[in-house]
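Please keep the sequence and the coordinates open while reading.

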Amino acid sequence: LIGVNNRSRGEGVLLVEIKGGHLLRSDDTIEKLNAEHKVYGKPLLLTQNDDGQFFIVRYIESTNQVEKDQVFRVENMAQY
């Protein structure tokens, strides 16, 4: 859990978890992405490339798959 300045949801709190690439397809990851806490909402799951860059992980309902979606940017944390 981290505090995020200017985050209107979750009383300014966000749950962030970093997943290794080998864990993206696990049922546990899908369950976590679909969970929603009553205060801080859905967690932000990230994965890291070999070059060190972080990506946001999303659940794609139509395929029932977890995939890398977009580059994670710290400056956008209040929007997550």
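## The sheet

An open sheet of 4 strands has the order β3-β4-β5-β6, with mixed pairing, where strands are DSSP runs of E of at least two residues, numbered from the N terminus, and where two strands pair if DSSP finds at least two bridges between them. At the edges stand β3 (16–19) and β6 (65–71), each of which pairs on one side only, and the twist from one strand to the next averages 40°. This is a predicted model, in which local features need pLDDT of at least 70 and side-chain atom pairs count only at pLDDT 80 or more, whereas totals for chains, interfaces and linings use all residues. Residues are numbered from 1 along each chain as its sequence is written, and side-chain values use heavy atoms, with hydrogens and water left out.

## Strand pairing

Strands of a sheet pair through backbone hydrogen bonds, either parallel or antiparallel. Here β3 and β4 run parallel and are joined by 4 bridges, with I18 opposite L46 in β4. The pairing of β4 with β5 is antiparallel over 3 bridges, and T47 stands opposite F55 in β5; in the hairpin of these two strands, which has 5 residues between them, G52 takes a positive phi near 95°. β5 also pairs with β6 in the antiparallel sense, over 6 bridges, and Y59 stands opposite V66 in β6.

## Helix and burial

α1 lies across β3, β4, β5 and β6 and runs at about 85° to β5; helices are DSSP runs of H or I of at least four residues, and axes are lines fitted to C-alpha atoms, for helices over the stretch in contact (heavy atoms within 4.5 Å), with angles from 0 to 180 degrees between N-to-C directions. β4 is mostly covered, as 4 of its 5 residues are buried, that is, under 20% relative accessible area with a 1.4 Å probe and protein chains only.

## The largest pocket

The largest pocket has a volume of about 290 Å³, the volume being the space filled by probe spheres set on the grid points. A pocket is an open set of points on a 1 Å grid where a 1.4 Å probe fits, with protein on both sides within 12 Å along at least five of seven lines, and lining residues have an atom within 4 Å of a point. Of the 18 lining residues, L33, K42, P43, L44 and R58 are the closest to the centre of the pocket.

At least two lining residues come from each of α1 (27–34), β4 (44–48) and β5 (54–60), and β5 gives the largest share, 4 residues. The lining divides into 11 nonpolar, 3 polar and 4 charged residues, where Ala, Val, Leu, Ile, Met, Phe, Trp, Tyr, Cys and Pro count as nonpolar, Asp, Glu, Lys and Arg as charged, and the others, Gly among them, as polar.

Definitions and conventions:
Buried < 20%, exposed > 50% of the residue type's maximum accessible area, 1.4 Å probe, protein only.
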